[in-house]
Amino acid sequence: MSAGSRLPKLIAFDLDYTLWDFWIDFHITPPLRQDRTTGIVYDSTTSDIYYGRKSSPNTIEFYPHVPRILRNLRDEGVTVAACSRTPTPKLAMEALRLMRIPNGMDTDTLPSTACSGSNDTPSWTSTTTPAVNFFHQLEIYPTDKTVHFKALHKKTGLPYSEMLFFDDERRNRNVEKLGVTFILVPEGRGIDNKLFEEGLNEWRRRHPELVSSDSSEN
């Protein structure tokens, strides 16, 4: 994130194939389980595969660059929203509540092992934060994305010109008719630092009056 550069006041993210690498309603089997030692979250996949062997549970995790992006936005005071049309909103919410984001900037992944109570390795409960805490607004329910953004506008009072949205589905570009800046996340890529910076630059390009007015005030 470019230091000193003007940011939108609200940045929203889709969930499936934007923040994480799956469709939560299709690929993830509830109930979700959290490893008490590491804090890593798994689903309950037990599908039979070759010759009756069981498949391994899926790990519920963000794309690699997501934790740092969310931490940076929190530190910058940007309103962060999740906008998803998933038909399983309760499962998506549960995932966000259980998933953890490391507090420090030196790592974006949870440890594979942890020794709770050890003086050398602190417990993951004290070194991580629930992912849901990084979101100020959660619009997670099946509907057109314009409905999500109208709700965000009503709840936050922010103009659509101050909103930037990352999503992997082209059909959701229709939020632009409201004035939201839409950034398409390429299939299979998910959000990463490069795409995030490109999105910020596109928002600044479209709204030079907001960037310049903010600079003049400072």
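The following conversation goes through a predicted model of a protein chain and asks what stands behind the words used for it.

Biologist: What makes up the secondary structure of the protein chain, and how confident is the predictor in the model?

Modeller: The chain comes to six helices and 10 strands. The mean pLDDT is 88, and 83% of the residues reach 70 or more, on a scale of confidence that runs from 0 to 100. Over residues 112–118, however, pLDDT stays under 50, and for that stretch the model has six contacts beyond four places in sequence.

Biologist: Why is Ser 123 called buried?

Modeller: Buried means under 20% relative accessible area, and because Ser 123 has 14% relative accessibility, it counts as buried. Ser 123 has its place in the loop between E6 and helix H3, residues 124–127. The side chain of Ser 123 also makes a polar contact with the side chain of Thr 125, at 2.9 Å, and a polar contact needs a pair of N or O atoms within 3.5 Å. The C-alpha atoms of Ser 123 and Gly 39 are separated by 9.2 Å, although these residues are 84 residues apart along the chain.

Biologist: What is the relative accessible area of Tyr 17, and is Tyr 17 buried or exposed?

Modeller: The relative accessible area of Tyr 17 is 19%; the cut-off for buried is under 20%, so Tyr 17 is buried. This residue has its place in the loop between E1 and E2, and its phi is near 60°, a positive value in a residue other than glycine. Most residues other than glycine have a negative phi.

Biologist: Which peptide bond is called cis, and what is its omega?

Modeller: The cis peptide bond joins Pro 30 and Pro 31, with omega at about 0°. Pro 31 lies in the loop between E1 and E2.

Biologist: How do you know that strand E5 is largely enclosed by the rest of the structure?

Modeller: Strand E5 covers residues 79–84, and six of its six residues are buried, so the strand is largely enclosed by the rest of the structure. Both of its faces are covered, with Thr 79, Ala 81 and Cys 83 buried on one side and Val 80, Ala 82 and Ser 84 buried on the other. In a regular strand the side chains alternate between the two faces of the sheet.

Biologist: Which strands does E5 pair with, and in what sense?

Modeller: Strand E1, residues 10–13, pairs with E5 in the parallel sense over four bridges, and two strands count as paired if there are at least two bridges between them. Ile 11 has Val 80 of E5 as its bridge partner. Strand E8, residues 137–140, also pairs with E5 in the parallel sense over four bridges, and there Ser 84 stands opposite Ile 140.

Biologist: What makes E2 and E4 the edges of their sheet?

Modeller: Three strands form an open sheet in the order E2-E3-E4, with antiparallel pairing. Strand E2 (33–34) and strand E4 (59–60) each have a single partner strand, so one side of each is left without a neighbour in the sheet. Two bridges join strand E3, residues 41–42, to E4, and Val 41 stands opposite Ile 60 in E4.

Biologist: How do you know that the end-to-end distance of helix H5 agrees with its number of residues?

Modeller: Helix H5 runs over residues 193–206, and at 1.5 Å a residue its 14 residues should span 20 Å; because its end C-alpha atoms are 20 Å apart, the two values agree. At the start of H5, a side-chain oxygen of Asp 192 reaches to within 3.3 Å of the backbone nitrogen of Lys 194. The buried residues of H5 include Leu 195, Phe 196, Leu 200 and Trp 203.

Biologist: What do the buried residues of helix H1 pack against?

Modeller: The buried residues of H1 pack against E1, E5, strand E6 (100–102) and H5. In H1, which covers residues 66–76, the buried residues include Val 66, Ile 69, Leu 70 and Leu 73. Gly 77 follows H1 and has a positive phi, near 75°.

Key:
Residues are numbered from 1 along each chain as its sequence is written. This is a predicted model: local features need pLDDT of at least 70, side-chain atom pairs count only at pLDDT 80 or more; totals for chains, interfaces and linings use all residues. Side-chain values use heavy atoms; hydrogens and water are left out. The expected span of a helix is 1.5 Å times one less than its number of residues. Buried means under 20% relative accessible area, exposed over 50%, partly exposed in between (1.4 Å probe, protein chains only). A polar contact is a pair of N or O atoms within 3.5 Å; within protein, one must be able to donate a hydrogen and the other to accept it, and residues adjacent in sequence count only if both atoms are side-chain atoms. Contact means heavy atoms within 4.5 Å.
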